Amino acid sequence: MKDQEINSNNQWQKWILDAIRKVRSQKQRPSTERICNAIRQHQNQSEDIIIEHLERLVNEGFVLKVINKGRTSYKDPNGLQHRCLEINKDTDLTKLVVKAVRELGASDGSTLKNIEKYIQQSNSLNLKQGVDLTLSIKNSLKKAVERSQLIHEGKLYKFNTTDINTSINSDKSPSKSPITPVKQQKSIKTDSNQHKTTPVKPKKTSTSNDESKVCYNHFFYSLNITY
């Protein structure tokens with residue numbers, strides 16, 4: 001009975017991994033719906049049963065579950081391009097653990113065990129002598145929490161989305177109010193000679209005209225007297 005269960009689990013593992021590869025070969029994202037459709041083309045299985053075995057393979061580490069921007073997809077760990085990492089006692093794994101938590105994308109958070117398993121599956125690790133990988137990951141998770149990159153709740157670690165918004169807003173330069181150019185008044189050059197006061201000529205009065213008229217009349221008056 002136990003052998004039949006093992007054979008059944010191995011068969012489900014083959015079906016699901018084949019479905020993931022098939023969906024990826026079609027340049028599509030291996031979502032739950034696409035994996036179920038790929039399996040049901042050849043096997044008469046319900047969607048609930050397929051999802052149950054899919055989640056079991058995720059928990060056992062045979063399938064990677066990645067959540068990116070709210071969308072869930074599944075990957076074959078053996079099909080990943082592994083990056084070689086050399087880890088010693090002083091290696092800072094903060095970026096690595098933050099990336100792992102973000103890509104795992106569990107809504108409730110990810111445990112230390114799940115984070116370590118994901119890092120091992122997605123990277124080719126070269127551990128130097130005396131390195132405790134679990135302890136190194138735990139210390140790096142602590143640093144990520146102190147830097148507000150992750151949120152620690154009990155045994156779970158969540159990706160801190162508010163830290164992204166804060167960093168984006170801090171990168172933006174403060175808006176500057178437009179500067180209105182001030183028109184400079186033209187300086188008026190003054191000549192020193194313009195400050196000299198010109199004497200005001202007195203207005204001519206009509207007195208001289210009146211006097212000439214008086215003399216003229218007096219002259220004729222004297223003539224009349226002589227004649």
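Colleague: Let me start with a detail: which residue forms a salt bridge with Glu153?

Modeller: Glu153 forms a salt bridge with Lys158, and the closest N and O atoms are 3.4 Å apart; a salt bridge here is a side-chain nitrogen of Lys or Arg within 4 Å of a carboxyl oxygen of Asp or Glu. Before going on, please keep in mind that this is a predicted model, in which local features need pLDDT of at least 70 and side-chain atom pairs count only at pLDDT 80 or more, while totals for chains, interfaces and linings use all residues. Residues are numbered from 1 along each chain as its sequence is written, and side-chain values use heavy atoms, with hydrogens and water left out.

Colleague: And how accessible are Glu153 and Lys158?

Modeller: Glu153 counts as partly exposed at 44% relative accessibility, and Lys158 is also partly exposed, at 25%. The classes are buried for under 20% relative accessible area, exposed for over 50%, and partly exposed in between, using a 1.4 Å probe and protein chains only.

Colleague: Stepping back, what is the chain built from, in helices and strands?

Modeller: The protein chain has eight helices and six strands, where helices (H or I, at least four residues) and strands (E, at least two) are DSSP runs numbered from the N terminus. Read from the N terminus on, the order is α-α-α-β-β-β-α-α-β-α-β-β-α-α. Of the 227 residues in the chain, 26% are buried.

Colleague: Back to charges, then. How many salt bridges does the structure hold?

Modeller: The structure holds eight salt bridges, and one of them joins Lys14 to Asp18, with the closest N and O atoms 2.9 Å apart.

Colleague: What about Arg56, which residue does it form a salt bridge with?

Modeller: Arg56 forms a salt bridge with Glu60, the closest N and O atoms being 3.3 Å apart. These two are four residues apart in helix 3 (residues 47-60), so they are separated by about one helical turn. Arg56 is buried, at 19% relative accessible area, whereas Glu60 counts as partly exposed at 41%.

Colleague: Changing topic, which residues form the negative surface patch?

Modeller: The negative patch is formed by Glu33, Glu47, Asp48 and Glu52, and its largest share, three residues, comes from helix 3. Patches are made of residues with over 30% relative accessible area and no salt bridge, like charges being joined within 9 Å and nonpolar side chains (Val, Leu, Ile, Met, Phe, Trp, Tyr) within 5 Å. Glu47 is in helix 3 and counts as partly exposed at 39% relative accessibility. Ile51 is in helix 3 as well, and the C-alpha atoms of Ile51 and Glu33 are 9.3 Å apart in space, although 18 residues separate them in sequence.

Colleague: And which residues gather in the patch of positive charge?

Modeller: Arg29, Arg34, Lys69 and Arg71 gather there on the surface. Lys69 lies in the loop between strand 1 (64-68) and strand 2 (71-75), and at 77% relative accessibility it counts as exposed.

Colleague: One more pair of spots: is Asn160 buried or exposed, and what does the side chain of Thr94 make a polar contact with?

Modeller: Asn160 is buried, with a relative accessible area of 10%, and lies in the loop between strand 6 (156-159) and helix 7 (161-171). A polar atom of the Asn160 side chain lies 2.7 Å from the backbone oxygen of Ser148. Thr94, in helix 4 (residues 94-104), is buried at 2% relative accessibility, and its side chain makes a polar contact with the side chain of Asp92 at 2.4 Å. A polar contact is a pair of N or O atoms within 3.5 Å; within protein, one must be able to donate a hydrogen and the other to accept it, and residues adjacent in sequence count only if both atoms are side-chain atoms.

Methods:
Areas by Shrake-Rupley, 256 points an atom, 1.4 Å probe, with all protein chains shown as cover. Lys, Arg positive; Asp, Glu negative; His and termini not counted. Charge placed at Lys NZ, Arg CZ, Asp CG, Glu CD.
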